[in-house]
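I opened my notebook for a friendly walk through this structure. Here is what I looked up, entry by entry.

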Amino acid sequence: MKKETRKSVSQVQKEVEKIAKKYAKKEEFKGISNIIYKRVDDLFIFIIFFIRKNKGYFELSVSMEVKLYEYDNLFWKIFKMESNISERESLRANGAFACPSVEIQEKTYKITEENYEEVTILAVEEFYQILNVFLENLKRNYIDFNDYVLKQEDILNDKLLKMLANISIHKILDAKQMVTEEIKLGNRGGYGNEGLDIYEHILNYCNKLLKEK
């Protein structure tokens, strides 16, 4: 990417972030970097804004991510990083060692340097609607978010999320069976701390809970 292109992309990115954060305050979203986030009941919702240039025009990519608020607490407890629980809330959205989330929807908008404010506001409004539809669907068709996660297929980090969901609903044996199978396959879960990967930490945590019963 040429220097002048990088500069223009960076400038539009900054403006989009500023507009999104300002407009999102109406719905009590907070903002950090290119993300707006909010706790809604027992869920943690965050929306990511990303600008790129494609064939001479700008694209605004927007994605909405959702996870159970307690997933991060459980993830950090298992991962021996409990101090993160009391850290800034935005860590749940942009932290390097935050629990992964479920992407609800991603959309791309074509924008220019003249209309990015209008398009950013439109995107925020549309994602409010997407969130409301998701919450209504969750309430109508699932017991809770754990039930939603356990019934999903082809989502990123599905194994890890389903292990956490099982632990959350006290199905420790199910979580242990899942993690044992993943370890046998040579899978690691994508995170490491204290010389162990996340799946090893989960196995140890499940064994500890089962021993305490």
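**Entry 1: a loop residue.** I started at S33, which sits in the loop between strand 1 (30–32) and strand 2 (35–40). The phi of S33 is positive, about 55°, although S33 is not a glycine. I noted this because most residues other than glycine have a negative phi. S33 has 40% relative accessibility, so it counts as partly exposed. My cut-offs are under 20% relative accessible area for buried, over 50% for exposed, and partly exposed in between, with a 1.4 Å probe and protein chains only.

**Entry 2: ground rules.** I am reading a predicted model, in which local features need pLDDT of at least 70 and side-chain atom pairs count only at pLDDT 80 or more, while totals for chains, interfaces and linings use all residues. Residues are numbered from 1 along each chain as its sequence is written, and side-chain values use heavy atoms, with hydrogens and water left out.

**Entry 3: confidence.** pLDDT is the predictor's confidence in each residue, from 0 to 100. I found an average of 93 for the protein, with 97% of the residues scoring at least 70. Where is confidence lowest, and where is it highest? Strand 6 is lowest at a mean of 78, and helix 5 (residues 145–150) is highest at 98. I keep in mind that where pLDDT is low, the predicted coordinates should not be read in detail.

**Entry 4: the whole protein.** I counted eight helices and seven strands. The C-alpha atoms fill a box of roughly 60 × 40 × 30 Å along the principal axes. Of the 213 residues, 46% count as buried. I then turned to contacts, meaning heavy atoms within 4.5 Å. Among contacts between residues at least 6 apart in sequence, 58% join residues at least 24 apart. The protein exposes about 12000 Å², of which carbon and sulfur atoms supply 47%; these areas come from the Shrake-Rupley method with a 1.4 Å probe, and for residues only the protein chains shown count as cover.

Entry 5: E194 is in the loop between strand 6 (192–193) and strand 7 (196–197). Is E194 buried or exposed? At 54% relative accessibility, E194 counts as exposed.

**Entry 6: salt bridges.** I searched for a side-chain nitrogen of Lys or Arg within 4 Å of a carboxyl oxygen of Asp or Glu. The whole structure holds nine such salt bridges. D72 and K67 meet in one of them, at 3.0 Å from N to O, and both residues are buried. D147 pairs with K151, the closest N and O atoms being 3.2 Å apart. Here D147 is buried at 11% relative accessibility, whereas K151 is exposed at 52%. I also looked up D197 and R188, whose closest N and O atoms are 3.6 Å apart. D197 is buried, at 4%, and R188 is exposed, at 52%. Salt bridges with shared partners join K67, D72 and R92 into one network.

**Entry 7: helix 6.** How many of the 11 residues of helix 6 (residues 158–168) are buried? Eight of them are, so helix 6 is largely enclosed by the rest of the structure. I listed the buried ones as L160, L161, K162, M163, L164, A165, N166 and I167. Their cover includes helix 2 (69–78), strand 5 (102–111), helix 5, helix 7 (172–184) and helix 8 (198–212). Just after helix 6, H170 takes a positive phi of about 65°.

**Entry 8: F49.** F49 is in strand 3 (residues 43–54) and is buried, at 2% relative accessibility. What does F49 contact, leaving aside its neighbours within four places in sequence? I wrote down Q13, V16, A20, N34, I36, L60, S61, V62 and V124.

**Entry 9: N137.** My last stop was N137, in helix 4 (residues 116–141). At 30% relative accessibility, N137 counts as partly exposed. Its C-alpha atom is separated by 10.0 Å from that of Y148, 11 residues apart along the chain.

Conventions:
Helices (H or I, at least four residues) and strands (E, at least two) are DSSP runs, numbered from the N terminus.
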